[in-house]
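These are my notebook entries on a structure that I looked up.

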Amino acid sequence: NAGVTQTPKFQVLKTGQSMTLQCAQDMNHNSMYWYRQDPGMGLRLIYYSASEGTTDKGEVPNGYNVSRLNKREFSLRLESAAPSQTSVYFCASSVPGQYLKNIQYFGAGTRLSVL
Amino acid sequence: DQQVKQNSPSLSVQEGRISILNCDYTNSMFDYFLWYKKYPAEGPTFLISISSIKDKNEDGRFTVFLNKSAKHLSLHIVPSQPGDSAVYFCAASGVRRGSQGNLIFGKGTKLSVKP
């Protein structure tokens, strides 16, 4: 019952460094998402992938890139980390159902600090 | 401009009493609504949802009410238990816009249930 698995759980970067956040789901879901959560804020969508082979920008895509490697895996890359990218990052997956009843299932998150 | 608003950052309730969490939305194209529960250091977990063709959905101790004319929904927890202490996020999706149902989240309400 792994569900959505995110790695790493914690990461500290220096400004300008790059890194990739990994996400994998074992529920055979078509759609996957990356969010960030900042204090006092809700979850804001960075990028999403409606199906294997497609990716689209969400609300806050600047400074990020994504790759939908296969149906299971969806990675988020920070090419040149900035302090403003200090946040908790959540990956989610879903199977949009009838009437696009989009119940999303979330991983435990990656806590990223950029110094 | 926030499309989904949770105007109460926090709520404190005595064990056994009713907890009422409120959510307002501005976009009349939203027609599917969800509540998520989040414990510290964990990802959000789906709690309950409602589509716009209904005005009430019940699941055990949790009931969600939707008032479309007022663009308002609420989550009732009866009776409240200490284990319900968490942050609750309201989310909405715009099915008919062809956006494949991406979720818009409120900022969350932190519920504390005191023994």
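**Entry 1: a buried pair.** I looked up A:Arg36 and found a relative accessibility of 8%, so this residue counts as buried (buried means under 20% relative accessible area, exposed over 50%, and partly exposed in between, with a 1.4 Å probe and protein chains only). A:Asp38 has 12% and therefore also counts as buried. I noted a salt bridge between A:Asp38 and A:Arg36, with the closest N and O atoms 3.0 Å apart; the term denotes a side-chain nitrogen of Lys or Arg within 4 Å of a carboxyl oxygen of Asp or Glu. A:Arg36, A:Asp38 and A:Arg44 are linked in a network of such bridges.

**Entry 2: basis of the values.** I recorded that this is a predicted model, in which local features need pLDDT of at least 70 and side-chain atom pairs count only at pLDDT 80 or more, while totals for chains, interfaces and linings use all residues. Residues are numbered from 1 along each chain as its sequence is written, chains are lettered from A and ligands numbered from 1 in the order in which they are written, and side-chain values use heavy atoms, without hydrogens and water.

**Entry 3: other salt bridges.** Over all chains, I found 5 salt bridges in the structure. One of them joins A:Arg77 and A:Glu79 at 3.1 Å, N to O. A:Arg77 counts as partly exposed at 30% relative accessibility, and A:Glu79 counts as partly exposed at 43%. B:Asp84 lies in the loop between strands S8 (72-77) and S9 (86-93) and B:Lys37 in strand S4 (residues 32-38), so the pair ties together parts that are 47 residues apart in sequence. Both B:Asp84 and B:Lys37 are buried.

**Entry 4: chain B as a whole.** I counted 0 helices and 11 strands in chain B; helices (H or I, at least four residues) and strands (E, at least two) are DSSP runs, numbered from the N terminus. Of the 115 residues of chain B, 48% count as buried. I also noted that residues 24 or more positions apart account for 56% of the chain B contacts with a separation of 6 or more, a contact being heavy atoms within 4.5 Å. The C-alpha trace of chain B spans about 45 × 30 × 20 Å along its principal axes.
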